[in-house]
Amino acid sequence: MNQYLAITSRGLENLLADELEQLGAQNIQVVHAGVRFKAEQATAYRCCLWTRISSRIIQVLSEFNVRDDMDLYLGATAINWMNYFDSNTRIVVDFNGTNREIRNSQYGAMKIKDAIVDRFTKADLRRPNIDRERPDLRVHMRLSGEKGILGLDMAGSGLHQRGYRSEAGKAPLRETHAAALVIKSGWTPEQPLLDPMCGSGTLLIEAAMMAAEIAPGLKRKRWGFESIKDFDKDAWMEIHAEATVKSRRGPAKVTTTFFGREMDRRVLAVARDNAGRAGVKELIDFEYGDATQLVRPEGFETGVILCNPPYGERLGTTPELISLYKEFGNRLKLAFAGSVAAIYSSSNELLSCMRMRADKQFKLRNGALDCVLKTYLITAGSVQKEEGQAEGVIVQEEVAPDFANRLKKNIAKLGKWAKREGIECYRIYDADIPNYNAAIDKYKDYIIIQEYAAPKSVSEELARRRIMDILRATIEVTGVESNKVILKVRERQKGKSQYQKLSSAERHMVVEEYGVELKVNLYDYLDTGLFLDHRITRRMLGKMAPGKDFLNLFSYTGSATVHAAVGGAKTTTTVDMSNTYLRWAQENMELNNQVGSQHEFIQADCLQWLQEVDDTFDLIFIDPPTFSNSKRMKQSFDIQRDHIMLMENLKRMLRPEGQIVFSNNKRHFKMDLDKLNELGLHAKNISDKTLPMDFAKNKQIHNCWIITHKEG
């Protein structure tokens, strides 16, 4: 008997051990991400052909300590490779693992290759060919710490490659992993199986192959063991022939039905093709279907619902996924009482949106992702019906009730105020409750949730759960469609880092603010192009502007310029370093019919421009960053340190009766009134007068000053 190592994913070792035992393996020992066993040659062939869970089976040739590259070379050289293959065999070396001395798998593979070649050449034999594209045989090295296992890959390529899947969906499961999920779900071949988000059909195809006794490796054209010198062709032909007969007879014996539903018609066609190549097309009922509208298929009384829904690894997809999981859970409870649901996901928070209590759960990694398979026994009692309530309506348990109640009160109060004021975008929640640390803004019928980065004292898991609760409760309270909820993460910003692009959705909308129309972009940047807390300041500038020459510095998207122009400014000058935002500012002006040579747009470093320009103005608005060290600026800027330098330049540009409206967002900013006095300027703090009702609880959101020449 030879020694073998069957490799699998972490968490599937015991499942694989049971499978190998049923296939006739002996001396079975579970190891990390694998199973060691002994077997006769024919049994090893059978294991390769029939394993549904193992990704590779390695015939172990040697085990040795590997402290450095010399140990690796000597350990490989000690094997008499000529006993296993000859010079005509095309080989490649796979190397998995590293240690303190061997830190690169490519280097490790090269040392093994050198040892094999040297062993042949020292025996006066022609060296074997190295062929990475189409090798006859793969040499496999597994290094864990200082322990090395060296052997031959019996299959020659991954055992998940069944040969039936030519194309997969967006996030395909490996066939071996899908088979493991089918087994772990508790499904048996006598039960119907439904995958309501079946994608390219892998889960259903693997289950149908089990029911029809179709060997998973039957369609493979080449096997690594066929190139090993002691290959027993007769034994292999007998094993393969037996499996072929079973595959022909098996489907006719299957009495259960498999159901696949998928919203993407192109992917659904791929699933049908895959099932056809696997030999189980007639066993699976594939139809177009939406999991949020799932109904029990005809012929499915009670059985197993197994699926691998989207995980939401990209944060922006989470609001829509919350709605998906919630509605999917509702459908399960309404239509599938008495059945078992087995759902595989990397997000416990999304699974919790189904509002179902799991009976069992299994941690099973999917590649680099930590995932869990949860099984649920769906009982009739999981659908709660209240007196007077329509049949089939789910009574939802309220999520985050403290937060939800606060949000309801805020919306009731602020909605009426916003309508009176004539504004279409405003803040409806701003970290009112410490445990729900987010800002929520309403833009017409869209909601933007900005999660403030949690302190280090709050675990990542708890922070994730809280933001999920915020999302779910906000969708329920506002009634906004989930695809109109946008989630962003706001961390402490420096300078203009809030302007960095997040996506390229290029979805704009126009909102109204005190009779002015402004373009916003809800998706592509952390901020939308409109600072809501400066709303009153912009309106004030419009009232101050008639007949005046107006300057807007650090203008961003020019919303203050628009208010000044609409208010009657004689001329406007808009300055910003970003061409993108200057173009945006021009578009905002065009929206309000403010076009012509009297409106100038200048792309420049504002600090540099201030020192060089000789123009003067009646009204200047400046809202500089708190800090900036942009590569495009010639110097760093700190508002607390440098505000007097700004005022020195602004004074030169300010006409005798002119006014500067100076604003910034630095908390606890302190104006140097003494130095301002020395410059001959007077400052009046108007912060409390520029704070809108929706920001009334956040008095540190900005500070605002009117600065004029000192009288006398």
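# Briefing on a predicted model

At 6% relative accessibility, Thr 375 counts as buried, a term that means under 20% relative accessible area, with exposed meaning over 50% and partly exposed in between, using a 1.4 Å probe and protein chains only. The model is predicted, and local features need pLDDT of at least 70, while side-chain atom pairs count only at pLDDT 80 or more and totals for chains, interfaces and linings use all residues. Residues are numbered from 1 along each chain as its sequence is written, and side-chain values use heavy atoms, with hydrogens and water left out.

**Thr 375**

- Thr 375 is found in strand E15, residues 372-377; helices (H or I, at least four residues) and strands (E, at least two) are DSSP runs numbered from the N terminus.
- Leaving aside neighbours within four places in sequence, the residues in contact with Thr 375 include Lys 184, Val 340, Ala 358 and Asp 359, where contact means heavy atoms within 4.5 Å.

**Helix H8**

- Helix H8, residues 265-278, has 14 residues and reaches 20 Å from its first C-alpha to its last, close to the 20 Å expected at 1.5 Å a residue, the expected span being 1.5 Å times one less than the number of residues.
- The buried residues of H8 are Val 267, Leu 268, Val 270, Ala 271, Asn 274, Ala 275 and Ala 278.
- They cover an arc of only 155° around the axis, which puts them on the same side of H8; the arc is that of the directions from the helix axis to the C-beta atoms.
- Among the elements that cover these buried residues are helix H6 (202-211), strand E10 (258-262) and strand E11 (284-288).
- Just after H8, Gly 279 takes a positive phi of about 85°.

**Aromatic pairs**

- The structure holds 24 aromatic pairs, counted when rings of Phe, Tyr and Trp (its six-membered ring) have centres within 6.5 Å, with planes under 30 degrees apart called stacked, over 60 edge-to-face and the rest tilted.
- The rings of Trp 223 and Trp 236 have their centres 5.5 Å apart and their planes at 65°, so this pair is edge-to-face.
- Trp 223 is buried, as is Trp 236.
- Phe 403 and Tyr 436 form a tilted pair, 5.6 Å centre to centre with 40° between the planes.
- Because Phe 403 lies in helix H11 (residues 401-421) and Tyr 436 in the loop between strand E16 (425-430) and strand E17 (438-443), the pair ties together parts that are 33 residues apart in sequence.
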